[in-house]
Amino acid sequence: MISGILSLELLISALRMSVPLTFASLGGVFSERGGVVNIALEGIMLVGAFGAVVGTYFTNNPWIGLLTAMSFGFLIALIHAVVSITFRINQIISGTALNIMATGLTTFLSRLIFKAAGSSPHIEGMVQWRFPGTNWQISPLIVIMFAVIIISQIVIFKTRYGLRLRACGENPYAADSLGVDVIKMRYSGVLISGVLGGLGGAFLSLEHARVFVEGMTTGRGFIALAGMIFGRWTPLGSFSACFLFGLAEAFRMRLEGFGIPTQFIQMIPYIVTMCVLVGVVGRAVAPAYDGIPFEK
Amino acid sequence: MIRRILINILAPFLAVLLAFSVGAIVMYILGENPFYVYKILLINSVTSINGWGYVLFNATPLIFSGLAVALAFKGGLFNIGVEGQLYIGAFACAWFGITFNVHPIIGIPMGLIFAMIFGGLWGVIAGYLKARFGAHEVIITIMLNFIAMALTNYLVNNPFKEPGQINPIPQTKELFSGSIIPRVYPLFNKLGINLSPSVPLNYTFFIAIVFCIMIWYLLERTKWGYEIKAVGLNPKASRYGGINPSYIMILVMFLSGALGGLAGVNDVMGYRYRFLDGFSRGTGFTGIAVALLGKSSPIGIVFASILFGVLDRGALAMDVFTNTPRELIRVIQAIIIIFVAIGNEFIFRLLQRLERESE
């Protein structure tokens with residue numbers, strides 16, 4: 001009985017840990033299906049986490065915080081799109097630069113706004129939704145996440161937009177010859193990834209920590225990309241992979257206090273990510289033109 | 001040729017200028033006088049001999065990390081893991097220094113070799129996983145950064161923590177004198193250059209310059225260098241040329257990781273004489289900006305490192321004397337990367353067009 005409850009608790013904890021990863025991972029799917037590698041997701045999550053706190057801090061309304069997070073993520077993604085799609089700069093370089101910029105910018109602004117280095121004041125989290133007739137509560141963001149997973153799966157595989165987006169990632173020249181505006185499609189994919197990545201970051205600060213801490217994403221943007229690869233660039237697959245990573249993080253939290261040095265426990269998500277990346281190779285095939293600039 | 005060189009210098013110069021302009025606009029919006037802030041930044045770095053000493057001291061690890069990123073670039077790989085390699089290398093040379101009490105003739109080279117071997121092996125993990133399984137080196141090296149930081153954090157907190165230390169940041173005990181790289185001020189004073197003994201500039205800077213020359217030689221004058229560049233340009237074609245790309249990838253990541261490991265030497269063997277937890281604060285990432293700005297050429301990397309050394313030194317002064325938080329410098333660095341990359345692309349296209357027209 002007790003072990004049953006414990007394992008249910010573990011699953012719930014894993015689900016919560018997987019939320020930020022899943023949002024970012026879905027963002028990665030949109031961006032890379034259109035042919036743009038987006039390692040800026042790490043920075044996008046960071047500005048999202050920051051934006052959520054800033055928005056909530058000034059309005060006391062976490063929903064405004066969410067909107068701020070999404071718009072901050074959108075802005076970083078917009079820079080990535082302009083630099084890597086319009087100017088055709090190497091997408092890894094652009095993403096790396098934006099990650100550095102996000103680290104500097106969030107610390108810079110947090111020092112200006114909150115007058116304190118390191119972290120922001122604590123903020124109100126979101127009001128949890130209650131299942132009718134029960135005591136069960138759930139974060140609205142988790143509900144939104146499931147909705148976004150399903151919508152993304154349908155949009156990418158069952159709509160005209162999704163078909164065109166995928167065409168731009170598989171063969172932009174063929175898509176172009178059929179009259180698809182490759183540049184516009186790629187922009188849309190990257191910008192969607194900015195909004196979703198921002199949401200993922202918002203969950204970190206609004207739900208997990210209720211505070212913004214410098215560099216609080218600690219590589220989650222990259223773990224999310226590994227999840228996307230493991231999930232073979234599909235929304236459902238990405239969610240499953242991110243749930244696995246969430247499980248690793250939940251395990252990590254559970255292991256604390258068992259006498260194992262915390263540093264080794266901290267390594268678990270990173271080691272699991274590496275193992276997964278090594279394990280999927282050969283079976284996961286990226287969109288053919290993923291990462292290659294398109295030139296008409 | 002002259003045109004090419006001119007443009008190669010002009011593009012980074014313009015990129016830096018543009019990035020500073022963006023920084024100035026931000027300061028102006030915040031109600032600061034940008035000229036005042038930049039004046040403060042320069043006065044404390046390049047207007048005195050001691051200022052220059054600090055600048056070159058700051059530039060030293062950046063030369064190594066810039067070389068590390070550049071070498072990987074040449075081989076077609078993105079080594080975003082320099083930060084992790086730096087920590088592993090720094091800890092390795094610190095371990096040698098606190099364990100073996102030897103003459104400097106042995107101690108200093110062995111410290112360097114330890115940093116190189118362990119940093120290199122840390123890099124090889126990513127190289128091997130890429131060559132053998134095709135695993136994405138960017139994500140792998142980032143994961144390795146976090147693992148390296150956690151590992152060294154464990155080592156310096158537990159088995160190697162200095163007994164009875166009062167410093168709130170954990171550190172190892174002090175290195176034996178045989179592994180300490182001396183400061184340069186005695187030499188400079190003899191030469192009539194009035195450098196204060198408090199300036200931490202040490203001989204690691206000259207070691208960095210020697211490595212620049214060695215890397216230039218490796219890339220431009222040896223078979224390995226040719227093969228590295230061939231794989232970087234086109235791994236498939238290089239295979240037909242009789243090169244084994246997997247072997248070269250692992251080699252490149254070893255060499256790049258070794259340079260990354262050396263980036264930790266300046267602080268450990270040349271400044272603090274111990275390993276301090278989390279001392280680097282992004283030197284490995286700044287290496288990416290340095291390599292891009294220096295166009296992956298060793299001489300370019302030296303100049304780019306000096307520029308970033310000025311910024312680092314100036315950032316401290318900015319914090320003290322102005323209301324602009326120093327993180328603005330980090331934002332400016334990121335903008336420099338983007339502008340340089342855009343500039344490179346434009347010039348590449350411009351040259352292509354000019355060459356086509358002249359044919």
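This is a predicted model: local features need pLDDT of at least 70, side-chain atom pairs count only at pLDDT 80 or more; totals for chains, interfaces and linings use all residues.
**Chain B as a whole**

Chain B contains 15 helices and 0 strands. Its radius of gyration is 21 Å, close to the 21 Å that the globule rule gives for 359 residues, so chain B is as compact as a globular protein of that length. Taken along the principal axes, the box filled by the C-alpha atoms of chain B is roughly 70 × 55 × 40 Å. Of the 359 residues in this chain, 57% count as buried. Among the contacts in chain B with a separation of 6 or more, 77% are between residues 24 or more positions apart.

**Helix pairs**

Two packed helices are described by the angle between their axes and the distance between the axes.

| Helix pair | Angle | Axis distance | Crossing |
|---|---|---|---|
| H4(B) and H11(B) | about 60° | 6 Å | right-handed |
| H13(B) and H14(B) | about 130° | 8 Å | right-handed |
| H9(A) and H6(B) | roughly 140° | within 10 Å | left-handed |

Helix H4 of chain B covers residues 82-99, and helix H11 of chain B covers residues 245-262. Their angle is about 60°, and the two helices are therefore oblique to each other. H4(B) passes H11(B) in a right-handed crossing. On the H4(B) side the contact is made by B:Val82, B:Gln85, B:Leu86, B:Ile88, B:Gly89 and B:Ala92, while H11(B) brings B:Gly257, B:Gly260, B:Gly261 and B:Leu262. Sorted by class, this contact has 5 nonpolar, 5 polar and no charged residues.

Further along chain B, helix H13 (residues 283-293) packs with helix H14 (residues 298-321). H13(B) and H14(B) are therefore also oblique to each other. From H13(B), the contact takes B:Thr286, B:Ala289, B:Val290, B:Ala291 and B:Leu293; from H14(B), it takes B:Ile301, B:Ala304, B:Ser305 and B:Phe308. Here the classes are 7 nonpolar, 2 polar and no charged residues.

**Where the chains meet**

How many residues does each chain give to the contact? Chain A gives 38 residues and chain B gives 34 residues. On the side of chain A that touches chain B, helix H4 (91-114), helix H9 (220-230) and helix H11 (262-280) each supply at least two residues. H4(A) provides the largest share of that side, 15 residues. By class, the side of chain A that touches chain B has 25 nonpolar, 11 polar and 2 charged residues.

One helix pair spans the two chains: H9(A) crosses helix H6 of chain B, residues 137-157, at roughly 140°. That angle makes H9(A) oblique to H6(B). In this pair, A:Phe222, A:Leu225 and A:Ala226 in H9(A) meet B:Ile139, B:Ile142 and B:Met143 in H6(B). The contact of H9(A) with H6(B) has 6 nonpolar, no polar and no charged residues.

**One residue in helix H4 of chain A**

A:Ser110 lies in helix H4 of chain A. Is A:Ser110 buried or exposed? It has 23 C-beta neighbours inside 10 Å, and the cut-off for buried is 20 or more, so A:Ser110 counts as buried. Leaving out residues up to four places away in sequence, A:Ser110 touches A:Phe50, A:Ser120 and A:Phe212. A:Tyr161 is 51 residues from A:Ser110 along the chain, and their C-alpha atoms are separated by 38 Å.

Definitions and conventions:
Residues are numbered from 1 along each chain as its sequence is written. Chains are lettered from A and ligands numbered from 1 in the order in which they are written. Two residues are in contact if their C-beta atoms, placed from the backbone, lie within 7 Å. Helices (H or I, at least four residues) and strands (E, at least two) are DSSP runs, numbered from the N terminus. Ala, Val, Leu, Ile, Met, Phe, Trp, Tyr, Cys and Pro count as nonpolar, Asp, Glu, Lys and Arg as charged, and the others, Gly among them, as polar. Axes are lines fitted to C-alpha atoms, for helices over the stretch in contact, and angles run from 0 to 180 degrees between N-to-C directions. Angles under 35 degrees count as roughly parallel, over 145 as roughly antiparallel, 65 to 115 as roughly perpendicular and the rest as oblique. A crossing is left-handed if the near helix is turned anticlockwise from the far one by less than a right angle, and right-handed if clockwise. The radius of gyration is taken over C-alpha atoms; the globule rule is 2.2 Å times the number of residues to the power 0.38. A residue is buried if 20 or more other C-beta atoms lie within 10 Å of its own, exposed if 12 or fewer, and partly exposed in between; C-beta atoms are placed from the backbone.
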